[in-house]
Amino acid sequence: MPNQSGSVYGLTLLSPIIGDPHAPVSHDLQLRLILGSMPRDHESPFAKVDSTHMCRLTVMNDVIYVGMPACEEHLQLQYLVFESNFDGDLETYLRRMAQQIPETVDAVWSHCLGYPGVINPDAFVAYMKKCQVTTTFYFADVNDKTVGQTLTALQTQSAVGAFVERNAGVHGAPLQQAFLKLMSDLREAPAPQPGSGREDANLCAVAGAGASSIHE
Amino acid sequence: MTNITGKTYAMNAITPMKPWKTWLLRTVFFILGHVASLRNDLVNLSFIHFARWVIIPRQGFPHVTEDQPYEQLKYDYLLFFSNFNGTWNQYIDAFSSVLSNGLNQIWRWSEKFPGSVPVTPFKQYIARVQFETDFYYTAYPHAATNDVKAAHRVTDALHDFERQSAAMNPEQFEKAYQSFLVKVQRDLGSTGMAPVGT
């Protein structure tokens, strides 16, 4: 299946942008204003659709003329490109978008031709599938881990690094107790937030708690 | 910069192809998809989270309403999207020096592709066919793909060590702990902000 690599799905959508010469502000510019102001961190709407590894949205103005002797040609409309890499299947992902970030989806895709809105999820899913282009070749470097597993692994890695540093020179029973505390704290640590890049902070806090017991 | 979030760069490129060449490229991708050893360089470079090539036939642009005009194109188009770590220059340099044969097989069917070696005309071509990203999100902005793989190795090793050391006395535990450290020491680097580059 060309859109899939392991458990990761590579979605590519091209949605035609409304070409209205009478609009006071062209739809492509309105789109760029919206996209440029959308948060990119843990407050990003796509952090709420937490199966998203990485995604992008951009306006494709036209095809590109590479110079003579190639022919110069142009698109009839501009297209909104949505490229996303996520866990699971397409249908579930699109329905999660409609349920979890309806305002964002409506704000962005309402500038596209024929967009039905998320109010009718079936029509929304059908529209998005109509805009899909099939990936010819898809590469995912890590294709067997979910977003949650990766964030937790990064948290664990950071906690272990901090633990090793804090416990250099500690031996025997105190070391073993500190390790048990580390593992217990890791199990109870809150899941890292997608998009925050704050796995380190959580991890160090966990490792700090694990190590502190040996100094008490 | 809109193309960059955290440690990851979003590249978009589109190149025209004569339709009869599209089938040759589809054959290249079919072989690439079925012969794992041909992907070794791509895997070993280990700085691309996700990448994709999409061939759009000249009549294959999505048509969603009756009143949408049909595209009138002579060329098919090859779209390329990549999510990579490092700077644009590092990426193109690495492509040119390590993956030149593979890349030539993919892009040689595109109009006016100069070849990936020497690197200067290759960079000029990529700069010409690239278009900017307006919004870019990554769930783990401070982690390169090597960080992700290292983190999973540490996690797996940690859980193995926890299981194996559960019934050990303190002396046995300390010895096993040293072995665990030797096993994971190369994977304990910390993540964080990427250096600024161009």
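Me: In which order do the strands of the open sheet of five strands follow one another?
Reply: In this predicted model, the five strands pair in the antiparallel sense and form an open sheet. Its edge strands, each pairing on one side only, are β1 (4-5) of chain A and β6 (135-138) of chain B.

Me: Which residue of β6(B) is the bridge partner of A:Arg56?
Reply: Strand β3 of chain A, residues 52-60, runs antiparallel to β6(B), and four bridges join the two. Helix α1 (residues 27-37) of chain A lies across β3 and β4 of chain A as well as β6 of chain B, at about 150° to β3(A). Within the pairing with β6(B), the bridge partner of A:Arg56 is B:Tyr136.

Me: Which helix of chain A gives the largest share of the side that touches chain B?
Reply: The contact between the chains involves 69 residues of chain A and 76 residues of chain B. On the side of chain A, the residues divide into 36 nonpolar, 23 polar and 10 charged. The largest share of that side, 11 residues, comes from residues 147-166, that is, from helix α6 of chain A.

Me: Are α7(A) and α7(B) roughly parallel or roughly perpendicular?
Reply: The axes of helix α7 (residues 172-188) of chain A and helix α7 (residues 170-184) of chain B come within 8 Å and cross at roughly 65°. Angles of 65 to 115 degrees count as roughly perpendicular, and therefore the relation of α7(A) to α7(B) is roughly perpendicular.

Me: How do the residues of the contact of α7(A) with α7(B) divide by class?
Reply: The crossing of these two helices, α7(A) and α7(B), is left-handed. On the side of α7(A) the contact is made by A:Gly172, A:Ala173, A:Leu175 and A:Gln176, and on the side of α7(B) by B:Pro170, B:Glu171, B:Phe173, B:Glu174 and B:Tyr177. Taken by class, these residues are five nonpolar, two polar and two charged.

Me: Is the crossing of α3(A) and α5(A) left-handed or right-handed?
Reply: Helix α3 (residues 90-100) and helix α5 (residues 121-130), both of chain A, pack with their axes 10 Å apart at an angle of about 125°. The two helices α3(A) and α5(A) are therefore oblique to each other. As for the hand, the crossing of α3(A) and α5(A) is right-handed.

Me: How many nonpolar, polar and charged residues has the contact of α3(B) with α5(B)?
Reply: In chain B, helix α3 (residues 88-98) packs against helix α5 (residues 119-129) at an angle of about 130°, and their axes are 10 Å apart. The contact is made by B:Ile92, B:Asp93 and B:Ser96 of α3(B) together with B:Val119, B:Phe122, B:Lys123 and B:Ile126 of α5(B). By class, this contact has four nonpolar, one polar and two charged residues.

Me: Over which residues of chain A does pLDDT stay under 50?
Reply: The mean pLDDT of chain A is 92, and 91% of its residues reach 70 or more. Where pLDDT is low, the predicted coordinates should not be read in detail. In chain A, the stretch over which pLDDT stays under 50, with 19 contacts in the model beyond four places in sequence, is residues 209-216.

Key:
Residues are numbered from 1 along each chain as its sequence is written. Chains are lettered from A and ligands numbered from 1 in the order in which they are written. This is a predicted model: local features need pLDDT of at least 70, side-chain atom pairs count only at pLDDT 80 or more; totals for chains, interfaces and linings use all residues. Axes are lines fitted to C-alpha atoms, for helices over the stretch in contact, and angles run from 0 to 180 degrees between N-to-C directions. Angles under 35 degrees count as roughly parallel, over 145 as roughly antiparallel, 65 to 115 as roughly perpendicular and the rest as oblique. A crossing is left-handed if the near helix is turned anticlockwise from the far one by less than a right angle, and right-handed if clockwise. Two residues are in contact if their C-beta atoms, placed from the backbone, lie within 7 Å. Ala, Val, Leu, Ile, Met, Phe, Trp, Tyr, Cys and Pro count as nonpolar, Asp, Glu, Lys and Arg as charged, and the others, Gly among them, as polar. Two strands pair if DSSP finds at least two bridges between them. pLDDT is the predictor's confidence in each residue, from 0 to 100.
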